[in-house]
Amino acid sequence: MSKSLTVAMIEGDGIGVDVSRATVAVVDAATSKTGAAALSYDPIQAGAGYFAQTGQDIEPGGEDRAGAADAIFLGAIGLPSVRHEDGTEISPHLRLRDKFGLYAGVRPVKAYPNAPQRLADPRAAGIDMIILRESTEGLFYSAAAHKRSEIIGDSEVRDTLRITRETTEKLHHFGFKLAARRKARGKPGALTCVDKANVFASMAFFRKIYDEVAPHYPEIETSYAYVDAQALNLIRQPWDYDVMVMENMFGDILSDLAGGLVGGMGMAACAEIGDHHGLFQPAHGSAPDIMGQDKANPLAAILSGALMLDYLAEKSGDNAYAKAAELIENAVQNGFEAARISPMEFGGTMGTEAVTKEVLAQLGAL
Ligand SMILES: NC(=O)c1ccc[n+]([C@@H]2O[C@H](COP(=O)([O-])OP(=O)(O)OC[C@H]3O[C@@H](n4cnc5c(N)ncnc54)[C@H](O)[C@@H]3O)[C@@H](O)[C@H]2O)c1
């Protein structure tokens with residue numbers, strides 16, 4: 001039996017609560033199958049609902065407890081009806097990214113059988129790519145902490161797009177290593193630098209650092225794309241891409257587009273990794289339009305749980321967690337292949353509970 005690890009659990013708002021609970025059920029079933037020590041959870045209150053009650057966006061001491069845990073899991077945070085005075089929403093998770101240096105936002109985009117394909121071309125069945133979104137600076141630099149935007153009375157507001165050498169070097173190394181790990185598993189092994197280097201000095205700098213890092217990974221194929229052209233490419237031939245690395249705001253937008261290509265936000269998993277911490281969350285929000293109705297697709301969260309187990313395997317050196325991650329990925333793949341997973345999000349009949357139950361059944365846990 002391996003040593004028990006702790007996960008800081010921030011369920012958050014709206015469907016975040018339901019998909020977090022679904023994830024815990026699946027993660028616990030998978031770890032018990034592989035003999036990994038059960039994870040212990042440290043629940044932390046945070047979000048728009050908590051802010052509306054208390055005036056604070058996270059419970060006192062919550063950030064430190066999140067930092068002390070072996071990993072952080074987050075459901076979703078924010079409700080459009082709850083806002084700060086400047087009009088922005090409650091978003092302590094952006095501060096966590098900043099505080100814990102979670103620069104590498106890993107967003108897998110994979111087509112599953114019998115899930116909707118938004119593109120008619122049959123090659124869309126082969127979509128299997130990763131958007132690597134820098135997550136601490138770029139155009140979100142001002143948003144990560146309050147008072148970073150420059151507000152000039154009621155006449156002008158300036159947000160800053162920040163690219164640093166330190167973070168960008170780490171990001172590109174992370175991207176090339178990720179492409180190399182995928183190549184070892186039979187994927188193409190390519191890293192595309194998505195930027196706007198034709199217009200912005202910050203983006204030319206981002207590309208320059210990519211060029212400096214690339215020679216360390218001669219086995220990885222390199223290419224460039226301007227972000228506007230890449231939006232087009234992701235509709236025209238998404239199956240041609242393996243890993244794409246980009247600035248924060250570009251990644252924010254393109255990962256929703258890419259999530260849509262393989263069904264919807266309910267399939268969009270996400271890991272945010274730094275040098276010492278990892279936060280895992282579905283890429284979607286709190287979905288107020290469907291909250292409290294058992295309609296949310298929990299798979300983005302469940303697949304984020306698998307990413308978390310992979311991370312914990314690496315962090316702890318205990319391969320039983322990596323095996324548990326693989327069990328979850330196979331359960332989702334097999335459930336779709338057997339046409340036994342049919343989320344309401346795709347016009348099917350299964351809500352959060354039914355999808356979770358089927359994943360547990362595929363794991364052999366029911
Ligand atoms: N990381 C986060 O916590 C995060 C991310 C994005 C948005 N938000 C917040 O969430 C709130 C709602 O934002 P939004 O509506 O722009 O984005 P959203 O992702 O919550 O919803 C967009 C659309 O996708 C659907 N959807 C999302 N997840 C789904 C799921 N798992 N299953 C089925 N359908 C799903 C929703 O019903 C909605 O139609 C806002 O307050 C926003 O700030 C939080």
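Modeller: Two residues are in contact if their C-beta atoms, placed from the backbone, lie within 7 Å. This is a predicted model.

Biologist: Which classes make up the side of domain 1 that touches domain 2?

Modeller: Take the domain 1 side of that contact, seven residues. Its classes are three nonpolar, one polar and three charged.

Biologist: Which residues touch the most other members of the largest nonpolar core?

Modeller: The core holds 105 residues. Helix α10 (residues 299-316) gives the largest share of this core, 12 residues. Domain 1 (1-102 + 273-366) and domain 2 (117-262) each supply at least three residues. The residues that touch the most other members are I72 and I328.

Biologist: Are helices α1 and α12 roughly parallel or roughly antiparallel?

Modeller: Helix α1 (residues 15-34) packs with helix α12 (residues 352-362) at about 10 degrees. Their axes are 10 Å apart. Angles under 35 degrees count as roughly parallel. So α1 and α12 are roughly parallel.

Biologist: Which residues in α12 meet α1?

Modeller: From α1 come D18, V19, A22, A25, V26 and A29. The residues of this contact divide into seven nonpolar, two polar and one charged. On the α12 side, the residues are T352, T356, V359 and L360.

Biologist: Is G251 buried or exposed?

Modeller: G251 lies in helix α9 (residues 248-261). A residue is buried if 20 or more other C-beta atoms lie within 10 Å of its own. G251 has 25 within 10 Å, so G251 is buried.

Biologist: Leaving aside neighbours within four places in sequence, what is G251 in contact with?

Modeller: The cut-off for contact is C-beta atoms within 7 Å. With neighbours within four places in sequence set aside, the contacts of G251 are G105, I131, R133, E134 and M246.

Biologist: How many Å apart in space are G251 and P343?

Modeller: In sequence, G251 and P343 are 92 residues apart. In space, C-alpha to C-alpha, they are 26 Å apart.

How values were computed:
Residues are numbered from 1 along each chain as its sequence is written. This is a predicted model: local features need pLDDT of at least 70, side-chain atom pairs count only at pLDDT 80 or more; totals for chains, interfaces and linings use all residues. A nonpolar core is a set of buried Ala, Val, Leu, Ile, Met, Phe, Trp, Tyr and Cys residues joined through C-beta atoms within 7 Å. A residue is buried if 20 or more other C-beta atoms lie within 10 Å of its own, exposed if 12 or fewer, and partly exposed in between; C-beta atoms are placed from the backbone. Helices (H or I, at least four residues) and strands (E, at least two) are DSSP runs, numbered from the N terminus. Domain bounds come from an automatic or database domain assignment. Axes are lines fitted to C-alpha atoms, for helices over the stretch in contact, and angles run from 0 to 180 degrees between N-to-C directions. Angles under 35 degrees count as roughly parallel, over 145 as roughly antiparallel, 65 to 115 as roughly perpendicular and the rest as oblique. Ala, Val, Leu, Ile, Met, Phe, Trp, Tyr, Cys and Pro count as nonpolar, Asp, Glu, Lys and Arg as charged, and the others, Gly among them, as polar.
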